[in-house]
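Colleague: I am new to this structure and would like to learn how to read it. Could you take me through it step by step?

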Amino acid sequence: MRARQHFEQQFCLENLKKIFEERIANSATTGKDGVSPDAFGAVIDAELGQSLTKVRNRSYRFTAYRQKLVLKGAGKPPREISVATVRGRIVLRAINNVLIECFSDKRQAAPHYFIHEISELIKPLGDEYSFVQVDVRDFYPSIVHEFLMQRVRSRVRTPELLRLIETAIQTPTGASSPQASPKGVPQGLSISNILSAIYMIRFDEIMHSRHAYFRYVDDIVVVCKTDVAAKTFAFIAGQLKKIGLLCHEISEGSKSKIVPLTRGIDYLGYYVKPKIVSVRKSSYRRMMETIMGILTAAKHTTNNKKILRRLNIKITGCIFDQKRRGWMFFFSMTTDVSQLRRLDKFVQREWRRAGMEQFGRPKTFIKTYHEIRYRLDKTKYIPRFDEYSREQKAALIADMHFLEVGDVLTWPQDRIDRTFAKIVRKEVAELENDITPFS
């Protein structure tokens with residue numbers, strides 16, 4: 001199917017409304033215009049009809065993105081996330097859907113795929129081989145628009161779509177009227193990842209043809225002979241420079257480094273070396289901090305069922321919107337089960353210290369790990385929210401909102417479904433934030 005056909009499928013009123021219902025209606029996110037999903041939904045036909053007209057005549061403009069700053073740790077500048085309006089998010093998702101179809105071979109693989117590939121590769125190797133780890137400086141802000149659009153045009157000729165993409169990447173974040181920039185892709189938009197993958201097409205081809213090469217967004221790892229590691233780093237840096245990207249130089253404390261295999265590296269939330277794959281210390285610490293946050297909240301509420309529900313979702317993750325979500329799905333490639341046992345002991349100790357034993361026992365990381373690894377298709381230990389019955393949805397709503405199940409069951413089905421989806425999406429969003437492999 002050609003790009004034009006994908007475009008026509010996505011940019012019709014029926015599909016845009018479907019995107020709103022499935023992706024946006026149950027969220028609480030607002031853009032710079034302050035319009036909520038509920039308010040937008042009340043006038044959706046008129047709003048989307050007007051948007052489609054502007055898309056067709058190539059006059060559509062995105063409202064400036066709202067700036068959201070995400071802290072990266074002490075001494076580091078925050079990461080700027082761009083938040084579009086509800087209308088903008090619908091259009092961006094439609095663009096993303098078209099690009100994923102046109103560049104289906106360039107979708108970003110899940111982080112644990114890379115960990116599996118790397119761990120299998122290095123198992124039989126020793127220090128005659130090294131990791132060359134390359135960290136790109138300011139990756140998204142450095143993407144050159146001209147180069148990006150050249151790569152997009154290699155498979156897309158639809159003028160309306162090309163214009164939308166150009167407009168999306170040129171729309172400012174935060175500032176009202178900044179000078180137009182010839183580079184940069186806003187982070188946090190639904191199109192950000194696929195555009196970055198498209199941008200790196202030629203670079204990836206060159207690297208794969210020469211090296212055992214792995215790249216997740218801007219985090220690059222190559223496994224090569226130790227005696228050519230420095231030369232390999234220089235080659236990678238040179239190829240990045242050709243497309244307007246700079247990497248951190250190798251120095252003390254730099255994220256760019258050359259490391260013997262047996263010393264191991266931190267990569268995508270893991271610590272990897274030939275004999276073991278474990279959850280890296282910073283990721284492990286974040287998990288413990290999140291657990292402590294939940295248990296601290298227990299001191300300030302009488303809704304103990306909610307505390308147990310939230311803690312169990314953190315431990316087991318869930319399956320929602322036909323996707324696997326959560327810590328243990330993300331870290332299922334670990335071979336260091338001793339870490340999981342320590343986490344379980346930590347949870348048990350803090351649960352007891354918080355005086356919560358009378359309200360039930362939390363689930364465990366070690367059982368979740370075994371369920372994911374060996375019997376995921378049969379498990380009932382991990383909640384499958386997509387398959388919840390009316391009664392199960394009502395029970396979760398009652399626990400989370402401190403209500404009686406019988407009262408919730410008197411609600412109309414659409415109210416139960418909407419409230420249930422809103423609760424689950426909030427919990428899932430926090431799960432995703434906990435494990436996002438930000439560099």
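Colleague: Let me start with a pair of residues. In which helix do Lys 367 and Glu 371 both lie, and how many residues apart are they?

Modeller: Both sit in helix H17 (residues 365-374), four residues apart, which is about one turn of the helix. Helices here are DSSP runs of H or I with at least four residues, strands are runs of E with at least two, and both are numbered from the N terminus. Before we go on: this is a predicted model, where local features need pLDDT of at least 70 and side-chain atom pairs count only at pLDDT 80 or more, while totals for chains, interfaces and linings use all residues. Residues are numbered from 1 along each chain as its sequence is written, and side-chain values use heavy atoms, leaving out hydrogens and water.

Colleague: What do Lys 367 and Glu 371 form with each other?

Modeller: A salt bridge, with the closest N and O atoms 3.4 Å apart. The term means a side-chain nitrogen of Lys or Arg within 4 Å of a carboxyl oxygen of Asp or Glu.

Colleague: Is Glu 371 buried or exposed?

Modeller: Glu 371 counts as buried because its relative accessibility is 5%, whereas Lys 367, at 37%, counts as partly exposed. Buried means under 20% relative accessible area, exposed over 50%, and partly exposed in between, using a 1.4 Å probe and protein chains only. Elsewhere, salt bridges that share partners join Arg 4, Glu 8, Arg 56 and Glu 160 into one network.

Colleague: How many salt bridges does a search of the whole structure find?

Modeller: The search finds 21. One of them joins the side chains of Asp 45 and Lys 17, at 3.0 Å from N to O. That pair links distant parts of the chain, 28 residues apart: Asp 45 is in helix H4 (residues 44-56) and Lys 17 in helix H2 (residues 13-24). Asp 45 is partly exposed at 42% relative accessibility, and Lys 17 is partly exposed at 30%.

Colleague: What is Leu 99 in contact with?

Modeller: Contact means heavy atoms within 4.5 Å. Leaving aside neighbours within four places in sequence, Leu 99 touches Val 152, Val 156, Ile 165, Ile 194, Leu 195 and Ile 198.

Colleague: And the sheets: in what order do the four strands of the open sheet come?

Modeller: Strands pair if DSSP finds at least two bridges between them. The order is S4-S5-S3-S6, with antiparallel pairing. Strand S4 (212-216) and strand S6 (257-260) are the edges, each pairing on one side only. Inside this sheet, strand S3 (residues 129-135) and strand S5 (residues 219-225) pair over seven bridges, and Phe 131 stands opposite Val 223 in S5.

Colleague: Which strands form the sheet of three?

Modeller: That open sheet runs S7-S8-S9, again with antiparallel pairing. Three bridges join S7 to strand S8 (residues 270-273), and Tyr 267 stands opposite Tyr 270 in S8.
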